[in-house]
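Subject: Structure handover

Hello,

Here is the structure for you to look at. My notes on what turned up in it follow below.

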Amino acid sequence: MPKNRMGMREVKVLGVDLAGSPHRISGICVLAFHKRVERVEEEGSAEMNAEGSWEERLWRWTACYFRSVRADDEILSVAREEKPAVVGIDAPLSFSGKPFRDCDSAVRHLCPVLPLTFSGMRKLAERGMRLASKLRALRSAEGGRVDVVEVFPRASERVFGTRMKEKLKDVLSLARNRHEYDAFLCALTARCYFEGKFQALGAKEKIIVPLV
């Protein structure tokens with residue numbers, strides 16, 4: 001008979017609501033949660049499992065804290081300390097000189113999108129790409145490379161908000177400013193990505209939105 005062994009491991013994800021300039025506030029959120037692992041030894045495979053529905057599990061975590069920062073080094077310092085599996089960044093992580101990428105066009109059914117040719121958006125994209133490159137060079141707690149994904153808080157809020165409006169209001173009351181609240185949405189979307197509960201909008205470049 002196969003032998004099932006259950007174990008728990010803590011996973012952390014990081015959400016970053018990135019400002020276009022280090023002179024302005026960027027919000028960050030660290031979200032930690034337990035991932036239950038069921039191992040079927042004879043089959044040599046591991047199946048992720050946890051109690052409750054996906055929507056119920058999504059709103060259970062072991063820790064959630066916010067920070068308001070400015071410099072890239074402050075964001076990188078938190079990432080080095082927390083060793084997240086996934087970082088979700090609210091910033092364009094690619095730019096080819098055109099006003100819109102295919103992922104920007106794809107996300108428009110959820111919320112408006114500013115063209116990347118705007119000066120502020122271009123600066124945000126440049127900073128986002130630099131930061132993402134440095135984050136991808138770090139190691140997660142599991143020893144692998146940190147996954148860095150582009151997310152869009154307004155799109156995530158639209159998906160979450162249809163069924164989770166009251167829970168989002170509770171988090172909004174805990175965050176010290178809108179940047180930290182948006183960082184929470186980034187972190188929650190990063191968790192969805194880690195759990196495989198996401199949709200990647202776009203053919204080439206991708207914006208990750210949650211599935212609930």
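A salt bridge here is a side-chain nitrogen of Lys or Arg within 4 Å of a carboxyl oxygen of Asp or Glu. By that rule the count comes to 13 salt bridges. Please keep in mind that this is a predicted model.

Overall layout

The chain holds six helices and eight strands. Read from the N terminus, the elements run β-β-β-α-β-α-β-α-α-β-α-α-β-β. The chain has 212 residues, and 47% of them count as buried. Of the contacts with a separation of 6 or more, 73% are between residues 24 or more positions apart.

Salt bridges

One of the salt bridges joins the side chains of Glu-195 and Lys-35, at 2.1 Å from N to O. Glu-195 sits in helix H6 and Lys-35 in strand S2 (residues 26–40), so this pair links distant parts of the chain, 160 residues apart. Both Glu-195 and Lys-35 are buried.

Another brings together the side chains of Glu-150 and Arg-101, at 2.6 Å from N to O. Glu-150 belongs to strand S6 (residues 147–150), while Arg-101 is in the loop between strand S5 (86–90) and helix H3 (102–107), so the pair ties together parts that are 49 residues apart in sequence. Glu-150 is buried, as is Arg-101.

A salt bridge of 2.8 Å, N to O, is formed by the side chains of Arg-154 and Asp-182. This pair also links distant parts of the chain, with Arg-154 in helix H5 (residues 153–174) and Asp-182 in helix H6, 28 residues apart. Arg-154 is partly exposed, with a relative accessible area of 28%, whereas Asp-182 is buried at 7%. Salt bridges with shared partners join Arg-154, Glu-157, Arg-178 and Asp-182 into one network.

Helix H6 covers residues 178–195, and at 1.5 Å a residue its 18 residues should span 26 Å; the end C-alpha atoms are 26 Å apart, which agrees. At the start of H6, a side-chain oxygen of Asn-177 comes to within 3.1 Å of the backbone nitrogen of His-179. Just after H6, Gly-196 has a positive phi of about 80 degrees.

Thr-189 is found in H6. With a relative accessible area of 0%, Thr-189 is buried; the cut-off for buried is under 20%. Its side chain makes a polar contact of 2.7 Å with the side chain of Ser-156. Leaving aside residues up to four places away in sequence, Thr-189 touches Val-151, Ser-156, Phe-160, Ile-208, Val-209 and Pro-210.

Helix H4 (residues 119–136) has 18 residues, which at 1.5 Å a residue should span 26 Å; its end C-alpha atoms are 26 Å apart, in agreement. The buried residues of H4 are Met-121, Leu-124, Ala-125, Arg-127, Gly-128, Leu-131, Ala-132 and Leu-135.

The S7 and S8 hairpin

Strands S7 (residues 198–201) and S8 (residues 207–210) pair in the antiparallel sense over four bridges. Phe-198 stands opposite Pro-210 in S8. Five residues lie between the strands of this hairpin, in which Gly-202 takes a positive phi near 115 degrees.

Regards

Note on methods:
Residues are numbered from 1 along each chain as its sequence is written. This is a predicted model: local features need pLDDT of at least 70, side-chain atom pairs count only at pLDDT 80 or more; totals for chains, interfaces and linings use all residues. Side-chain values use heavy atoms; hydrogens and water are left out. Helices (H or I, at least four residues) and strands (E, at least two) are DSSP runs, numbered from the N terminus. The expected span of a helix is 1.5 Å times one less than its number of residues. A polar contact is a pair of N or O atoms within 3.5 Å; within protein, one must be able to donate a hydrogen and the other to accept it, and residues adjacent in sequence count only if both atoms are side-chain atoms. Buried means under 20% relative accessible area, exposed over 50%, partly exposed in between (1.4 Å probe, protein chains only). Contact means heavy atoms within 4.5 Å. Two strands pair if DSSP finds at least two bridges between them.
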